[in-house]
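Please keep the sequence and the model at hand while reading.

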Amino acid sequence: MYRLYGQRVEAHLGRTPHHVGVIMDGNRRWAKAAGGSTAFGHQRGADKIAEFLGWCDETNIEVVTLWMLSTDNLNRPPEELVPLLGIIEDAVTGLAEAKRYKVNPIGTLDLLPGKTAEILKGAAAATEHLEGITVNVAVGYGGRHEIADAVRSLLQEHADRGTTIEELVEILDVEHIAERLYTKGQPDPDLVIRTSGEQRLSGFLLWQSAHSEFYFCEAYWPAFRKVDFLRALRAFEQRHRRYGG
């Protein structure tokens, strides 16, 4: 029944987003409900990524941002964090080896273990020439850190040029920040999906999501189905985007 319903929804989709951001939440709660370990939940969440990107391919989405690990998550106990980092490394390696996606790591890579950072950079280098969906893998990512990094980069650049603070104040506008974000050169997300029933951004793409539409889904990420995704796209299509006008 869900398959038939999904086919009906998909057949009537018109406008779809160019860029979808996903807060992949609920792995641990799904695992607890299933009687499995935390690592089992994270692995099933990682396994969902390839399926999800297939759905995005079918609906002509051009950019996907997957929030895999926040800066706050780095404070988790080692017995959880170390296996999670290994799962992320394997997932990103798998995306690169598929040779279907342009992998773009976003986040504060300096906060990550050296091995993890090198794998992320290697995946980006191996896929930069590909023409498929751009997949931003947000690892060690926090929206406040991103904005701080953008401002830091702006200040350093102008300091190197000899620009005074007074001169910078005169010329500074929002575009100076936007062009130094991790997602520079990409369209801002049209749609942000969060699974698990939580209804907050938690720092995800704070700058870029100013005009995004939000869709909150009750399903935990490992249990997220194509029909849930299609419902999100349908909800997006039905909204009238005014951009403040």
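## Nonpolar surface patch

Val151 has a relative accessibility of 31%, so the residue counts as partly exposed. The model is a predicted one. Val151 belongs to helix H6. Together with Leu155, Ile165 and Val169, Val151 makes a nonpolar surface patch of about 350 Å². Two helices, H6 (143-161) and H7 (165-171), each contribute at least two residues to the nonpolar patch.

## The sheet

Six strands form an open sheet in the order E3-E4-E2-E1-E5-E6, and the pairing is parallel. The edges are strand E3 (102-106) and strand E6 (213-216), each of which pairs on one side only. On average, neighbouring strands of this sheet are turned by 20° against each other, direction ignored. Strands of a sheet pair through backbone hydrogen bonds, in either a parallel or an antiparallel manner.

The pairings can be followed strand by strand. Strand E1 (residues 19-23) is joined to E2 in the parallel sense by five bridges, with Gly21 opposite Thr65 of E2. E2 also pairs with E4 in the parallel sense, over seven bridges; here Val64 stands opposite Val135 of E4. Strand E5 (residues 191-194) runs parallel to E6 and is joined to E6 by four bridges. Val192 has Phe214 in E6 as its bridge partner.

## Cover over E2 and E4

How many of the residues of E2 are buried? The strand is mostly covered, with eight of its eight residues buried. Helix H4 (residues 78-98) lies across strand E2 (63-70), E3 and strand E4 (134-141), and runs at about 160° to E2.

Val139 is part of strand E4. Its relative accessibility is 0%, so Val139 counts as buried. Leaving aside residues up to four places away in sequence, Val139 touches Met68, Leu69, Ile88, Ile106, Gly107, Thr108, Leu109, Leu112 and Leu120. Glu58 is 81 residues from Val139 in sequence, and their C-alpha atoms are 26 Å apart.

Helix H2 (residues 27-34) includes Asn27. Asn27 has a relative accessible area of 13% and is therefore buried, the cut-off being under 20%. Not counting residues up to four places away in sequence, the contacts of Asn27 are Gly41, His42, Gly45, Trp221 and Pro222.

The whole structure holds 17 salt bridges. One of them joins the side chains of Glu80 and Arg28, at 3.3 Å from N to O. Glu80 lies in helix H4 and Arg28 in helix H2, so this pair ties together parts that are 52 residues apart in sequence. Glu80 is buried, at 13% relative accessibility, whereas Arg28 is partly exposed, with a relative accessible area of 39%. Glu80 also forms a salt bridge with Arg76, where the closest N and O atoms are 3.0 Å apart.

A further salt bridge links the side chains of Arg29 and Glu198 (3.2 Å, N to O). Arg29 is in helix H2 and Glu198 in the loop between E5 and E6, so the pair ties together parts that are 169 residues apart in sequence. Both count as partly exposed: Arg29 at 31% relative accessibility and Glu198 at 22%. Arg29 and Glu198 belong to a network of salt bridges that also includes Asp25, Arg194 and Arg200.

## Positive phi in two loops

Lys99 is not a glycine, yet its phi is positive, at about 55°. This residue sits in the loop between H4 and E3. With 63% relative accessibility, Lys99 counts as exposed.

Ser202, also not a glycine, has a positive phi of about 60°. Where does Ser202 lie? Ser202 is in the loop between E5 and E6. At 39% relative accessibility, Ser202 counts as partly exposed.

Notes. Residues are numbered from 1 along each chain as its sequence is written. This is a predicted model: local features need pLDDT of at least 70, side-chain atom pairs count only at pLDDT 80 or more; totals for chains, interfaces and linings use all residues. Side-chain values use heavy atoms; hydrogens and water are left out. Two strands pair if DSSP finds at least two bridges between them. Axes are lines fitted to C-alpha atoms, for helices over the stretch in contact, and angles run from 0 to 180 degrees between N-to-C directions. Contact means heavy atoms within 4.5 Å. Buried means under 20% relative accessible area, exposed over 50%, partly exposed in between (1.4 Å probe, protein chains only). Patches are made of residues with over 30% relative accessible area and no salt bridge: like charges are joined within 9 Å, nonpolar side chains (Val, Leu, Ile, Met, Phe, Trp, Tyr) within 5 Å. Accessible areas come from the Shrake-Rupley method with a 1.4 Å probe; for residues, only the protein chains shown count as cover. A salt bridge is a side-chain nitrogen of Lys or Arg within 4 Å of a carboxyl oxygen of Asp or Glu.
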